[in-house]
Amino acid sequence: MKSYVIPEYIVERDQDRCIRCKVCVNQCSYDTHYYDEEDDIILSRNENCVNCQRCATFCPTQAITIRENPNHYRSNANWTQEAIASIKKQAETGGVVLTGMGCDKPNLTYWDRLLLNASQVTNPSIDPLREPMELRTYIGSKPDKLEVEMDEGNGVMLKTKLAPQLRLETPIMFSAMSYGSISLNVHKSLARAASEVGTFYNTGEGGLEKSLYKYGDHVIVQVASGRFGVHPEYLNAGAAIEIKIGQGAKPGIGGHLPGEKVSEEISETRMIPVGTDALSPAPQHDIYSIEDLRQLIYALKEATDYTKPVFVKIAAVHNSAAIASGIVRAGADIVVLDGVRGGTGAAPRIIRDNVGIPLEMALASVDQRLRDEGIRNKASVIAAGGIKSSADVLKAIALGADAVYIATAALVALGCTVCQKCYTGKCPWGIATTDLWLTKRINPDLGAKRLAGLLRGWSLEIMEMMGGMGINAIESVRGNRLLLRGVGLSDTELKILGVRMAGE
Amino acid sequence: MVLKDVINRVPENLSIEKHVAKIDAYGVYYRDLNSLLRSLDGNGVEKIEIRNVYGQRYIGTDLDGHIKIDVYGTPGNDLGAFMRGANITVHGNVQDGCGNTMDHGQIVVHGRAGDLVGHSMRGGKIFIRDDAGYRVGIHMKEYLGKRPFIVIGGTAQDFLGEYMAGGVLVVLGINMKGEIRHNARFVGTGMHGGTMYIRGEVRHLGEEVEVTDLEEDDFRLLGSLVDEFCSYYRLDAEKILESKFNKLIPVSSRPYGNLYAY
């Protein structure tokens, strides 16, 4: 069938600059560029280009420019190019339109309409370069009260037995991305960076590759509906366990890692045969209620002799506050909220862009609800989904998060350009792929360096912003919504966020 | 063995003779019971008898050794969850989630089972003498040397073998009178690996399942499983094997391969 879908991008090549080195031909995993020997010229197939900028970045003479195709359908605010193209694609294939990464629509973000405070005259700001600044964060269940004992020899002794905690040197962790959806070299980079910086990386649902067990102290192992690679050693290998109920990019639905991606290596870690689809059912079939969730939380605690905190991750949805309350009461040590802008390796676009609610709203309402019920101390709250700068991190903490998860930002640090084609498994940057020809493009040593660099940069920025507000411990930012003011928000939005209007 | 070598304080409900420990679980909270089991595991105890079990959960979880456990009563949900290696015999019925995500070991139940027997199980064997509930063997999977087996002596309910990705599931319907017709619906929905052997017919199959006749290899495997099953319950394997069995296999290892527009 002749496809009516027009190419999204046009590859322009300055033939005067092109030296026929074929770097672009070799770098593109979508077969966009090809060399014509007869005419000694490199040409491009526009329809294959995903605008990942790999060729343009590696072209030694900057001969390549990728442009959005100036040919487009008649402008129409309702019938957008995307809407028309999707329909044509679906008519031709009869399938569900897939996408990767987080929601790309502009109307679902609140971070940019929240502004931070700073000290002026009446309270002194602090210079983080010269004064101590505390970003260290402990996540896990905190006791209702602390009992201490005075001991003559040793001074004050803690009598209360504390629940297991994770110590984060900066309140940023790497969110779940499974081995299979991303490559082993990316996992290595994340694990090394987390160890070096003193934070944590999450395995996602695809198990923990053998060579990464040594980073266990900085690993959160995930248990999802497919139970891939879940066995006693795995559960005990990490510093914490995360039960994945939902994901911001695709709340309520399961996932399929297509058989093509289940290579020898993936098969070994997931413990499934090569080439079969790895199906993650939509629900966890042993969890149909809060009581059942409690059962799995405690099954995991039993399996690890109560030595590890258990996270429960949910997508931000309409009743997140009530659900989070249930999760805390079910015994979770940490609740993760993944907002509508959360990323994914593959999700139906219709789900990604239409299901779930913004993280900011869910976070504010969950924090408030847990406080109102007097159980906020019983669990830490982690904000995830679309955090793209250190300001987002600080705003999330001011809205009530203990720490945040980042994933897309981490991949961007490694080279990702958010082209949204992760689901093809052909990532030219060697990230969202298991093809060994492509995965070599990430060097774990350099990858870890880039990730550590990102965390360091963001941490410095957070300290600068805190210092500007006269605050020297992240503890004092947490849930401190007076540090935030809103702009361009309705009364209802401000009320839910628990934030005042700028100028108020 | 000296008791104090095993645990610091020997509870009143525990006695140890040679390598056999006996526990009276009456009124014991599950956390205390499992903590006691953990302290016995790997300390020279080879067998544990637990009596008066009334719904304590997670028995057998987090035990490393090849310890034998005899449970008298009704263990609670998630018996043997994530279990690797232990050998449990239950003299009574089991509740939901028996063998949940089990990796290795064996569970023999002299009675009925609730829902979710062997959920996501990857290795080991489960034998249930009588009926089992819904979603037996859901998402069982196999990998290299790991192949899980479940044999249900009675019948099982809807979604038997749902999402099944590996392993072997046998349903014998021994207690059924007349023509054997299992009442389960959506059997093998989403199945993409593994094999089911069903004695008699099934009311309703999932779309992803194909029914075939057994071949020589199948009879050999089925025969050995039924023999083992019968050895635990003193039943006549030959008589059971006389009946017609149906073999259920997935149509494809990639049931949802053509769902998407790229």
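Author: Happy to! A cavity here is a set of points, on a 1 Å grid over the protein atoms alone, where a 1.4 Å probe fits but cannot get out, and its lining residues have an atom within 4 Å of a point. The model is a predicted one, so local features need pLDDT of at least 70 and side-chain atom pairs count only at pLDDT 80 or more, while totals for chains, interfaces and linings use all residues. Residues are numbered from 1 along each chain as its sequence is written, chains are lettered from A and ligands numbered from 1 in the order in which they are written, and side-chain values use heavy atoms, with hydrogens and water left out.

Let's begin with the cavities. There are 4 cavities of 30 Å³ or more. The largest cavity holds about 130 Å³ of space, where a volume is the space filled by probe spheres set on the points, with grid points joined across faces, edges and corners. Its lining has 16 residues, and those nearest the centre are A:Cys416, A:Cys419, A:Cys422, A:Cys427 and A:Ala432. By class, the lining of the largest cavity has 13 nonpolar residues, 2 polar and 1 charged; Ala, Val, Leu, Ile, Met, Phe, Trp, Tyr, Cys and Pro count as nonpolar, Asp, Glu, Lys and Arg as charged, and the others, Gly among them, as polar.

The second largest cavity holds about 80 Å³. It is lined by 14 residues, with A:Cys28, A:Thr32, A:Cys49, A:Cys52 and A:Cys55 nearest its centre. This lining divides into 8 nonpolar, 5 polar and 1 charged.

With those cysteines in view, disulfides come next. A search of the whole structure finds 0 disulfides over all chains, a disulfide being a pair of cysteine sulfur atoms within 2.5 Å. A:Cys52 shows why: the closest cysteine sulfur, in A:Cys419, is 5.7 Å from its own, too far for a bond. A:Cys103 is in no disulfide either, since the nearest cysteine sulfur, that of A:Cys422, is 14 Å away. A:Cys52 counts as buried, at 10% relative accessibility, where buried means under 20% relative accessible area with a 1.4 Å probe and protein chains only. A:Cys103 is buried as well, at 10%.

In chain A, helix 8 (residues 320–329) has 7 of its 10 residues buried, so it is largely enclosed by the rest of the structure; helices are DSSP runs of H or I with at least four residues, strands are runs of E with at least two, and both are numbered from the N terminus. The buried residues of this helix are A:Ser320, A:Ala321, A:Ala324, A:Ser325, A:Gly326, A:Ile327 and A:Val328. Their cover includes helix 7 (290–303), strand 17 (310–315), strand 18 (334–338) and helix 10 (359–372) of chain A. After helix 8 of chain A comes A:Gly331, with a positive phi near 110°.

In chain B, strand 11 (residues 193–199) has 7 of its 7 residues buried, so it is largely enclosed by the rest of the structure. Strand 11 of chain B runs parallel to strand 9 (residues 165–171) of chain B, joined by 5 bridges; two strands pair if DSSP finds at least two bridges between them.

B:Leu63 lies in the loop between strand 3 (47–54) and strand 4 (68–74) of chain B and is buried, at 2% relative accessibility. Leaving aside neighbours within four places in sequence, B:Leu63 is in contact (heavy atoms within 4.5 Å) with B:Leu37, B:Arg38, B:Asp41, B:Ile69 and B:Arg84. B:Tyr58 lies in the loop between strand 3 and strand 4 of chain B; its phi is positive, near 60°, although it is a residue other than glycine, and it is buried at 1% relative accessibility. B:Tyr163, in the loop between strand 8 (149–152) and strand 9 of chain B, has a positive phi of about 60° and is not a glycine. B:Tyr163 is buried at 16%.

Key
1 Å grid on protein atoms, 1.4 Å probe; cavity = no way out; pocket = protein on both sides within 12 Å on 5 of 7 lines; lining within 4 Å. Buried < 20%, exposed > 50% of the residue type's maximum accessible area, 1.4 Å probe, protein only.
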